[in-house]
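Good morning, colleagues. I would ask you to look at the model on the screen while I go through its packing and its contacts.

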Amino acid sequence: MLTLKGALTDTGRYVQLMGRALSAPDRMRMFFQQYVTEMYQLGYNSIGIVLIISFFIGAVICLQIKLNIQSPWMPQMVVGYTTREIMLLEFSSSIMCLILAGKVGSNIASELGTMRITQQIDALDIMGVNSANYLILPKIAGLMTIMPILVTFSVASGIIGAFCTSFLGTTTIDELIVGFHYEFNQWFFWCGIIKAVVYAFIIASVSSYKGYTVEGGSVEVGKASTDAVVLSSILILFADVFLTQILT
Amino acid sequence: MIHIEHLYKSFDGRDVLKDINATFENGKVNLIIGQSGSGKTVLMKNIVGLLTPERGSIDYDGRDFVSMTKREKILLRREMGMIFQSAALFDSMSVLDNVMFPLNMFSDKCYADRVKRAEECLARVNLAGTGTKFPKELSGGMQKRVAIARAIALEPKYLFCDEPNSGLDPKTSIVIDELIQGITHEMGITTIVNTHDMNSVMGIGESIIFICKGRVEWHGSNTEIMDATNPQLQDFIFASDILRQVKEAHDREA
C-alpha cells in the first residue's frame, strides 16, 4: 500500500515537474544556447560508444546467425537479411537506448542532483528563473533531437560490422548485400526513429525528475542516479512492447 | 522595507517558527542571529519563498508575498538578490558568465552592455580581471564575492545573505561584511543577513533580531546588544570568552 502511495505521489510530482519544464522558455536565446550545449554533451559525446557497440554487435549477430541457421535448405542471403532486421527493429532503437539510458540518464540525474544539493537550483529560483524549464527542457529537446541521429549511426555501424565478418570468411559480401536489400521495408527504419524519440523523452524526463527532486547529500545523488537508470530502463522496455504492437 | 507578521512554519508537526514578527528596514543591514537550529535559515527561506509558511504575512513594500500568484512571485523575485552559504555559483560557467546570467535572462541590454555591467559588478567586489576563471579556480572568499557581484547585477531592491561568512577566515569575513554594508548603503536596498558570527553582529548589525527556538526573543542594534538583558541572548553572545571579557571591561567602565 505504501509502495502504491509512493508510486502515485512520484507520478503526480513528475507530471507537475513536466508541466513546469515543458512551458515556453523565459528567454529563447538562453534556451537555444542550452539546447545546443545539451545536444553536444548528451548526444555528440555518446557517438563513440554507439559506433563501437553497434559495430561489434552487428558483427556478432551476423556470425551467430550464420553459425546457427547454417543449412543447405537456407539461402545464404538470410544472414544479411536477419542482421538488418534485428539492427533496424530492435537493437539500434531499443537496446541502444537502454545502453544510453545508463550513460545519459546517470549523467543527467547526477548533474541536476549536484546542482540541487549545492543550492544552484535554489539560486535560479530566487532569481525568478523557472529552473525546471531552464534546466530540463533543453535536455529533453536536445536528446529527442540527437537520439534519431544516434540510432541512424548505430544501424550504419552495425551493418558495417556485419560486412567486416566477410573478411573472416563466413559469408561473402555479395550474399550479405543481397540479404540487406531483400524485401527492405522503409517503414521499419521509421519505426526505429519513432521509438528512439519516445525513449529519448523517457530517459531525459525521468532522469531529470530524479535529479531535480533530490534531497540530502552525495549519497542521495548517487541513489537518484541509479534510480534514474533503473526506472528509465523499465519504462523503455514497457514502451517497447506497446510501440512494437502499435507500429508493426 | 520587509515586514513580517505572525509567521508560523512547522515540519511534520514540529513548530520551527512560532509567531514571528519583524521589520527589516530599507537602507540598513538587518541581521537575523541565533544558534544553529534556531530557525534562522527556515525564516529566510520563507522570506524568499523557497518555503511556504502555514500562517502569517510577508510584506514587501506593501505587497504581500504569501498571497501572491506564482507569476507575481516570479516577478517580485527579479527584485531580489541572494548570496548562499555555499555561494551556489554555476560551476559549468565562467565567473563572467555567472555574473552575466541574471542579465542574460532578464535584461534587454545589448551583449556589450551586459558584459560592461558584469565587469562593473566584478570590479565593485574587487575581482576585476577574473572573468575568464571558473568557480573551482577561486578561493572561498572570492567565490562569495562573485556571488555578491551576481546578486547585485540587476540592481535588486532586496538582498539576502545566508551565512555569508561561513567557512571564511576572520579577515576575509570582514571584507565580505564591509562589501555587504557598502553595497546596502550605496544602493539603498533592504539587506537581510542570516548569521551567527559575532564579528558580523558587532561590525554591521545596524538592526538585529535574535531568534531562539523559533521565536523572536530580542531586537535592537549592535550598539544595544552588549547591554541586552535577555538571558538566551546573553548565553548566545557571551559563549565567546573574548566577548565576555569585553563585556566585563565595558561594565567596569560603566
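The largest nonpolar core of this predicted model holds 128 residues. Which of them touch the most other members? They are A:Leu143 and A:Ile203 from chain A, together with B:Met82, B:Val99, B:Ala147, B:Ala149 and B:Phe160 from chain B. The element that gives the most to this core is helix α6 of chain A, residues 131-164, with 15 residues. In chain B, domain 1 (1-79 + 159-229) and domain 2 (89-155) both give residues to the core, so it lies between them. As a general remark, nonpolar side chains in soluble globular proteins tend to be buried together.

Let me take B:Val99 as an example. Beyond its neighbours within four places in sequence, B:Val99 is in contact with B:Ala118, B:Cys121, B:Leu122, B:Val146, B:Ala149, B:Arg150 and B:Ala153.

I turn now to the two domains of chain B. Their C-alpha centres lie 24 Å apart. Domain 1 and domain 2 each bring 11 residues to the contact between them. On the domain 1 side, helix α6 of chain B, residues 170-187, supplies the largest share, namely 6 residues. By class, that side of domain 1 has 8 nonpolar, 2 polar and 1 charged residues.

Finally, the contact between the chains. Here 13 residues come from chain A and 15 residues from chain B. Helix α5 of chain A, residues 120-126, provides the largest share of the chain A side, with 5 residues. What is the make-up of that side of chain A by class? It divides into 5 nonpolar, 4 polar and 4 charged residues.

How values were computed:
Residues numbered from 1 in each chain as written. Chains lettered and ligands numbered in written order. Predicted model: local features only at pLDDT ≥ 70, side-chain atom pairs only at ≥ 80, totals over all residues. Domains from an automatic or database assignment. Contact = placed C-beta atoms within 7 Å. Helix = DSSP H or I, 4+ residues; strand = E, 2+ residues; numbered from the N terminus. Nonpolar A, V, L, I, M, F, W, Y, C, P; charged D, E, K, R; others polar. Core = buried A, V, L, I, M, F, W, Y, C linked by C-beta atoms within 7 Å. Buried ≥ 20, exposed ≤ 12 C-beta atoms within 10 Å, placed from the backbone.
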